[in-house]
Amino acid sequence: MKKKLTLAALGMLVYLLSGAQSINITSLLKEMSDRSRLARFAQPPYQSLQASSYNRASITRDAAGWFADSDGTGFIREENIKGKKEWVVMEHDGPGAITKMWAPYFYYGGLDDLVGPDINIYLDGSSTPVISENYFKLITGNGSVPPPFAQKTARAGDCYFPIPFAKSCKITFNKKPFYNIINYRAYNIGTLVKTFTKEDLKAAYPLMNQAAGSLLSSFTTTTGSAIVKTGTIDFGKDLEINVKNSGAVSQLEIWLNPDEIEQHPELLRSVVLSGKFDNEETVWVPLGDFFGSGNALNPFQTFTRTVNASGQLLCTWIMPFKQSATLTLKNLAKTSIHIEKFAVTKSVFKWDANTMHFHANWRSDDLVQGSTFSDWNFIDIKGRGVIVGDQWTTLNPDYGWWGEGDEKIYVDNAWEKKFPTHFGTGTEDYYGWAGGENPTKDDHFSHPFLSNIAVGSATAKRSGVRGFNICTRVRALDAIPFNKRLVFDMEASPGVDIRNPWDFLAYSSVVFWYAIPGATHNRPALASQAAKPIITLKEIDDLAVTIKKNQHAVPGAIEAQNVKMLFSSEKIKAAEERPTEGVHVSYWNRDNHLLITSTGAAESVSFFITEQFRPATIKLQLTKKQSYAIVQFYVNGIKVGDPVDLSGTENVTTALLDLGLHDPLNHEMVVKMEFVGKSNNNKTSSFDAAIDYLRIIAE
């Protein structure tokens, strides 16, 4: 603790001695639109924190509830303010600044409610909110904050306008919170911050217009001299540009021949971009993956990277160096590639104690089974630096939704504490858009800090998400500094349509970050993987056929043991059970079921099926056995049908139970099974029952 206080105090002393002015709207807007600021460790120092509606059943890593879905109901508490109920979704004591606000622009009940709540932002303990307006209008650019600082994406909105505060911040909604994420900075005590006022917003409009010009420009606004090369790169050869003396690469521009790429798309994966700064290789990413185009040239534009259909690839992340920089295109493919232009622009940049090297690292294709829930690691960094962006590529063989996973980002000591500093609400939420309905190609968008680069394959037989889905995020004011370690995980948690044992999703990722020289990480160069063509839908489809041949599995089945459960007391237990030799189980999905045991009647287990937006028929596959009990089922708290006697012959057989059509409650279907008795021929002391799987068949 003493060391932490010493570092914080030292950082604050440096800040104060520098004669820095207070943090305010003007300074934050300038920082947001200045790419070079990201290349220096933050002064004054701050923590990047997040408040979200993640499911509070997730308490600690590796414990029950860690992959609980339905992340749209969490909040801090309810309060009565001036006679009206408000729900607190974020609060912080001390100086800071709100840096990003996100939510879908539909509320409970799905796309029928597009009005949503009012947001109230209380600063420095004031009982009067500095902002009080409709939340959906605010985040979509239809409220007090104009585009591009607040913009609509796909069924969602994102507000990046900074709101600083000197003493404290509390944010409430006037309706029970739905999905929401709020990112904010927490400055050290003593940091000078000017608290936001409505007058500040009005006065900031001219500066906002100036900042918007930088945010929306694909080219860097810095001046410098460019080194340009062109030529054909054969297999095993390089095209290299060397830059000497202190400075920074302020712009990287590469032109490819679109016809050549269309004929040989494997070049996007097998031509690698490498960057060495002061003799340390900090960038090693396949060229296509670096530019959101591992599968094809995908046009998009953010604050730091641009791709267009003419074959231009443009990067404007600032890459400082103290003595030298070398940027290289390496061809690992058997096919030659012609580079029409390879240009590196050097600009003046003064190296100091806070200057950091730019990093970009790739994790290659990884097949994850749809019925598996795990935390998929983007990167694990040790050192001192800041995360400034990332990209997530998913190859999806299904037309249904592919990404329920939440981001879990651990900063410094958070990993040891087994709970992330940033805990999100869903993959699409992290990348600034929203579900609510199956995405289509109309959901493409590009904004300065967010882009939904690809939604399914252009050759798909029908609109949807079968094929490559690529999302990217750029961080500026919401960048995440770390002093010792940063671990970035994303839940490999597929949507409810892709949870069969034969469903596979192929993941790859790129992380963009800066670090003080000497940082280490777990993403080394992967030459053998880059030399292979990117994985295809056919490969995944063929794997699915093989699995179906070798294992009995029911389409659309949700294994009972993979569903979040809640027991009425400690008297009831549940465990996966596989067959004993000689027992006929040909109808058990994946050759197992969930055995539930109770010491007495009136005990129950509830199953929570999340992310339900439409009425659906619920069916259960149960197991009958002589020693099993009589149970009663409920759906969303309502009794369904008569008690079901699960006793039968000694041989295990199955019975399919139809619980009927039901409307979701808070986007969940809750199926409760209660023990109510035993048949006369059941002489066992315990109350047992078994569920093989559930099926949710939406209308």
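This structure holds one cavity of 30 Å³ or more. The model is a predicted one. What lines the largest cavity? Its lining is made of P148, Q151, T153, D158, Y160, H447, P448, F449 and L450.

Start with P148, one of those lining residues. P148 sits in the loop between α3 (135–139) and β7. The peptide bond that leads from P147 into P148 is cis, and its omega is near 0°. Another cis peptide bond links Q43 to P44, with omega about 0°. P44 belongs to the loop between α2 and β1 (46–52).

Now turn to charged side chains. Side chains of opposite charge can pair when their charged atoms come close. The model has 24 salt bridges. In one of them, E91 meets R77, at 2.7 Å from N to O. E91 is in strand β3 (residues 84–93) and R77 is in strand β2 (residues 77–81), so this pair ties together parts that lie 14 residues apart in sequence. E91 is partly exposed, at 36% relative accessibility. R77 is partly exposed too, with a relative accessible area of 28%.

Strand β2 also carries E79. The side chain of E79 forms a salt bridge with K170, at 2.8 Å from N to O. K170 lies in strand β10 (residues 168–173), so the pair ties together parts that are 91 residues apart in sequence. Is E79 buried or exposed? E79 has 18% relative accessibility, which counts as buried.

A further salt bridge joins D443 and R155, at 3.1 Å from N to O. D443 lies in the loop between α10 (427–430) and β28 (445–446), and R155 lies in the loop between β7 (150–152) and β8 (156–159), so the pair ties together parts that are 288 residues apart in sequence. Both of these residues, D443 and R155, are buried. Salt bridges can also share partners: in this way R77, E79, E91 and K170 are joined into one network.

E31 is buried, at 17% relative accessibility. Which residues does E31 touch, leaving out those up to four places away in sequence? They are R37, R185 and L477.

Next, look at a sheet. Strands of a sheet pair through backbone hydrogen bonds, either parallel or antiparallel. Here five strands form an open sheet, in the order β36-β39-β44-β41-β42, and the pairing is antiparallel. At the edges are β36 (564–567) and β42 (638–645), each of which pairs on one side only. From one strand to the next, the twist averages 20°. Follow the pairing at the β36 edge. β36 runs antiparallel to strand β39 (residues 604–610), and four bridges link the two. M565 stands opposite F607 in β39.

Finish with the backbone at two aspartates. D124 has a phi near 55°, a positive value in a residue other than glycine. This residue lies in the loop between β5 (118–123) and β6 (131–134). D124 is partly exposed, with a relative accessible area of 27%. D412 has a positive phi as well, near 55°. Its place is the loop between β26 (407–411) and α9 (414–417). D412 counts as buried, at 17% relative accessibility.

Notes: Residues are numbered from 1 along each chain as its sequence is written. This is a predicted model: local features need pLDDT of at least 70, side-chain atom pairs count only at pLDDT 80 or more; totals for chains, interfaces and linings use all residues. Side-chain values use heavy atoms; hydrogens and water are left out. A salt bridge is a side-chain nitrogen of Lys or Arg within 4 Å of a carboxyl oxygen of Asp or Glu. Buried means under 20% relative accessible area, exposed over 50%, partly exposed in between (1.4 Å probe, protein chains only). Two strands pair if DSSP finds at least two bridges between them. Axes are lines fitted to C-alpha atoms, for helices over the stretch in contact, and angles run from 0 to 180 degrees between N-to-C directions. Contact means heavy atoms within 4.5 Å. On a 1 Å grid over the protein atoms alone, a cavity is a set of points where a 1.4 Å probe fits but cannot get out, and a pocket is an open set with protein on both sides within 12 Å along at least five of seven lines; lining residues have an atom within 4 Å of a point. Grid points are joined across faces, edges and corners, and a volume is the space filled by probe spheres set on the points.
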